[in-house]
Amino acid sequence: MTQAPTLRVLGISGSLRRGSFNTALLRAAAEIAESQELPLRIEIADLRPIPLYDEDLRAAGVPEPVEKLRAAVAAADAVLFATPEYNYSVPGVLKNAIDWVSRPPSQPFAGKPFAVMGASGGPSGTMRMQYHLRQIAVFLDMHALNKPEVFVRNAKDVFDADGRLTDDATRKVVAEQLAALAAWTRRLAKA
Ligand SMILES: Cc1cc2nc3c(=O)[nH]c(=O)nc-3n(C[C@H](O)[C@H](O)[C@H](O)COP(=O)(O)O)c2cc1C
């Protein structure tokens, strides 16, 4: 029997800071996918060069970093967001990148399966942000993975000083979400 091809997942972090727990969570997801031989490979996008959305800038020609991100979304089988919650919602950095990618002529998020995970410094684990992101994804016509949800609370307790995810329970739920995302992506591809 031939093996199903490995799925390409684009990881998008909503935090630009070097020590970001959410970017570390994406790196952990990539490492877990590989070490547990899950059928997906995660490539992490770089939102740092994406300018602030400006219709005038767009009219003058879509900036190259935006074109690169659009192409990465288009080429991915699924998207994995890992992002902080800012003021109970989606950070501007992530919303800005989504806004750029969503503009015509094509809308590469449409039809993509996605999962969301998030790490916060506090006890909510980005819960409220995740439901705002799911709402945005309705307009983008993306297909949300419902469960398992990944809420990483009190992030400083689950990562070590080098940003490695050391908490077993968190590693387990991340692996479960990745496996569910792979199954969800395959199911949608067959539909
Ligand atoms: C502007 C701003 C707003 C924040 N709002 C929230 C919030 O609504 N809920 C929450 O749990 N944490 C909030 N935080 C704290 C973040 O959870 C914390 O800074 C987290 O480490 C950011 O993620 P990162 O490590 O990936 O950068 C906020 C932080 C900033 C900078």
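The axes of helix 1 (residues 21–35) and helix 6 (residues 168–190) come within 10 Å and cross at roughly 70°, which makes helix 1 roughly perpendicular to helix 6 (the term covers angles of 65 to 115 degrees, with those under 35 counted as roughly parallel, those over 145 as roughly antiparallel and the rest as oblique). The model is predicted, so local features need pLDDT of at least 70 and side-chain atom pairs count only at pLDDT 80 or more, while totals for chains, interfaces and linings use all residues. Residues are numbered from 1 along each chain as its sequence is written.

**Helix 1 with helix 6**
- Ala28, Ala29, Ile32 and Ala33 of helix 1 make the contact with Arg171, Val174, Ala175 and Leu178 of helix 6 (two residues are in contact if their C-beta atoms, placed from the backbone, lie within 7 Å).
- The residues of this contact divide into 7 nonpolar, no polar and 1 charged (Ala, Val, Leu, Ile, Met, Phe, Trp, Tyr, Cys and Pro count as nonpolar, Asp, Glu, Lys and Arg as charged, and the others, Gly among them, as polar).

**Helix 3 with helix 4**
- The axes of helix 3 (residues 64–75) and helix 4 come within 9 Å and cross at roughly 80°, and the two helices are therefore roughly perpendicular to each other.
- Val66, Leu69, Arg70 and Val73 of helix 3 meet Ala97, Trp100 and Val101 of helix 4 in this contact, whose residues divide into 6 nonpolar, no polar and 1 charged.

- Ala97, found in helix 4 (residues 92–101), is buried because 21 other C-beta atoms lie within 10 Å (20 or more make a residue buried, 12 or fewer exposed, and counts in between partly exposed).
- Leaving aside residues up to four places away in sequence, Ala97 touches Leu47, Ile50 and Leu69; Ala97 and Pro51, 46 residues apart in sequence, are 8.4 Å apart in space from C-alpha to C-alpha.
- In the largest nonpolar core, which has 52 residues, Leu25, Ala29, Val79, Leu80 and Ala97 touch the most other members (such a core is a set of buried Ala, Val, Leu, Ile, Met, Phe, Trp, Tyr and Cys residues joined through C-beta atoms within 7 Å).
- Helix 1 gives this core its largest share, 7 residues.

**Ligand shell**
- The ligand is surrounded by 15 residues, the closest being Ser15, Ser20, Asn22, Pro84 and Ser120 (a residue is near a molecule if its C-beta atom, placed from the backbone, lies within 6 Å of it).
- This shell divides into 5 nonpolar, 8 polar and 2 charged residues.

Note on methods
Helix = DSSP H or I, 4+ residues; strand = E, 2+ residues; numbered from the N terminus. Axes fitted to C-alpha atoms, helices over the stretch in contact; angles between N-to-C directions.
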